[in-house]
There are 2 protein chains.
Amino acid sequence: MKKKNPKKQSIQHIAAALQLSPATISRVLNNHPHVHEATRSKVMTMVEQVGYKRNVMASGLRTNKTHTIGLIVPRISMFVHTEIITAIQNGLHAHGYNLIICQSNDSLAIEQDLAQTLYASRVDAVIVACTLFTSDFSHFDVLTDNDIPVLFYDRVPVKPYPACIIKGDDFRGAYLATAHLVELGSRRIAYISGPMSCNIYIDRYAGFEQAMRQHRVDIDPDRIFYHELTVDNARKALHRLFARRPYPDAVLCANDLTALTVLTFAKEKGISIPQELRIVGYSNDPRSSIVTPSITTVEQFPGRIGQVIVSEVLKLLKHGREGLLQEMAPIVTPVELIRRMST
Amino acid sequence: MKKKNPKKQSIQHIAAALQLSPATISRVLNNHPHVHEATRSKVMTMVEQVGYKRNVMASGLRTNKTHTIGLIVPRISMFVHTEIITAIQNGLHAHGYNLIICQSNDSLAIEQDLAQTLYASRVDAVIVACTLFTSDFSHFDVLTDNDIPVLFYDRVPVKPYPACIIKGDDFRGAYLATAHLVELGSRRIAYISGPMSCNIYIDRYAGFEQAMRQHRVDIDPDRIFYHELTVDNARKALHRLFARRPYPDAVLCANDLTALTVLTFAKEKGISIPQELRIVGYSNDPRSSIVTPSITTVEQFPGRIGQVIVSEVLKLLKHGREGLLQEMAPIVTPVELIRRMST
DNA sequence: TTTATTTACTGAAACGTTTTCGTAAAAATA
DNA sequence: TATTTTTACGAAAACGTTTCAGTAAATAAA
């Protein structure tokens, strides 16, 4: 049973061994009609026997299809992205596609480079979650101009762009979270947002604002912060917030890392959660549920987002770009507020 | 500045436009010697102007190099793997390589399929962290037989296999953890291990055993469990452990998820940590540090493991397989015990 | 029976590179 | 000046597949 040195097997070797032409082998392999049943099985057994595997470079060169999808994401270690990527990877694999995963590290320069690289690889489609700072999207033109469909999710272009767009309902998520705080009685609500160059923070701010206005609660600009959502930045904001009284009675955070940082800070200062300060995060990072007290947050259902992405990508691959033109309206996926001990 | 319809650009179009032969363009693009400086710059400006990007399928077909590395991993969402993958991806990208990431979902059948697929894609090398249940490795033969180097990490073959092997010092990690517990006074130590089909659990058990023996503490077989490290399985084990007295006074867990489950269980039962029960985990999952009490665990330095993997892969790519033969000894990366409140 | 249609296959070109071999022209050497 | 060496480039083959156009045989229709 040991196949020693199977060596490079090509369609031609099979053809020669069977006294057939390469064309026939190819037809068998691609399930083309007009091939005799006897030859088909003869070929298949030989293919099995020598362990032939199609060379995707050769076939890709000929057909202009790689059966490979490119993915650009800021960081695969961010919880929501990890979950979404897992769903995408499993879904695409089930349909015979490979996935090339790239990380931009939230650097625009790297993102630009990656778009070029993925074009060079002639992937069949590209899925992108942008950098925090991507406001110009022309580096993706090389893809769209060459009929490689592009699909954005989560962090998507704010300006119109000829691509499929899938985003969470960030407006609603922030709206629900804010309304929840107000209904519990909070009035001095602080909001720690990400940079407003990114659609998700624009939308979340809008949801926050609308909830505040509808409930006739004033927004204190001194309690609003816009910056990259790192631990350091969160701590700086907290020092400002608790520099003088009155302290805020709630902090709405645009991600869970920031919410966790607020919780740690509160414990250090002896501020009781939720009695003196309520905390809400965003994304339902697993850490938010195991910490004490557990943190109220907004679930985005990353697995479902991944499935939507897969089905949209497959649609684009099947119908080419004509399907795109009418489908320019962004697809918005639902969110849900998860109430926990921090409120 | 708008480049409308740049259309498929090939080396031949550039050649035609410049009255040169494709060979010359190729030489310029690959920095070959013996090309006149004037023509070189002429070609480069034209390449820039029309936005030409090499078709890697064509060049790959010719050179048998794809500049793509395959990665097979049980789940990208497992913390250690997420970190390692991030390091690998960044490291390889810096050297001009793409990464195709695949998940086996801990299924041997999928892993076998993926090995085939990656061979079909003619990746330049494959990096693998095996399934929990991979004990036969012949499905990777298709790669090694065709001179595609294979590199295993973390979960590696237990039998000799012609591949580069990189593993954490699981023996030492478990030894340190166990010795730590014994030195604190624990004597009735339970150990929740993963299935013994996998090298990491074999090694960890050996480390546990050696520490127990050296400190002359008896191992009670009723307090040892071998199973997939899920929450459900952990809870079953805990029910058995706490079905009758005397209760264990420490639980050593082969991963942090299990340690977290033990912690939750103890809180439910009103068992005080660490006074009545000490807990140690493995891997330093971020959750283990933010929970109260924080959990003592073993740090594996995933970022460093990723760097080692990258440098070994690059070595293999540079020297081909001859370097492999002498280098068959596994590379072992260090670990460190992190003491926290749970002990 | 003859003619039209279908079936089963082959030959050859094409996809876009890289690379070997060959050959002029230029430069160095005699 | 004549000869050798070096430099700069072109022609063409090759990588392994797919597919178009074509053909001989088998089958169906007339």
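Modeller: Helices (H or I, at least four residues) and strands (E, at least two) are DSSP runs, numbered from the N terminus. This is a predicted model, in which local features need pLDDT of at least 70 and side-chain atom pairs count only at pLDDT 80 or more, while totals for chains, interfaces and linings use all residues. Residues are numbered from 1 along each chain as its sequence is written, chains are lettered from A and ligands numbered from 1 in the order written, and side-chain values use heavy atoms, without hydrogens or water.

Start with helix H13 (residues 302–319) of chain A, which holds both A:Lys315 and A:Glu312. They sit 3 residues apart, about one turn of the helix. An α-helix has 3.6 residues a turn, so residues three or four places apart point the same way. The two side chains form a salt bridge at 3.0 Å, N to O. The term means a side-chain nitrogen of Lys or Arg within 4 Å of a carboxyl oxygen of Asp or Glu.

Cover differs from partner to partner. Buried is under 20% relative accessible area, exposed is over 50%, and partly exposed lies in between (1.4 Å probe, protein chains only). A:Glu312 is buried because its relative accessible area is 7%. A:Lys315 is partly exposed, at 38%.

A:Asp106 and A:Arg155 meet in a salt bridge of 2.9 Å, N to O. This pair links distant parts of the chain, 49 residues apart. A:Asp106 is in the loop between strand E2 (98–103) and helix H6 (108–120) of chain A. A:Arg155 is in the loop between strand E4 (150–153) and strand E5 (164–168) of chain A. A:Asp106 counts as buried because its relative accessibility is 9%. A:Arg155 is buried too, at 4%. A:Arg75 joins A:Asp106 and A:Arg155 in a network of salt bridges.

Now a pair with other cover. A:Asp222 bridges to A:Arg244, with the closest N and O atoms 4.0 Å apart. These partners also come from distant parts of the chain, 22 residues apart. A:Asp222 is in the loop between H9 and strand E7 (224–226) of chain A. A:Arg244 is in the loop between helix H10 (231–241) and strand E8 (250–253) of chain A. A:Arg244 counts as exposed because its relative accessibility is 58%. A:Asp222 is partly exposed, at 48%.

Over all chains, the structure holds 19 salt bridges.
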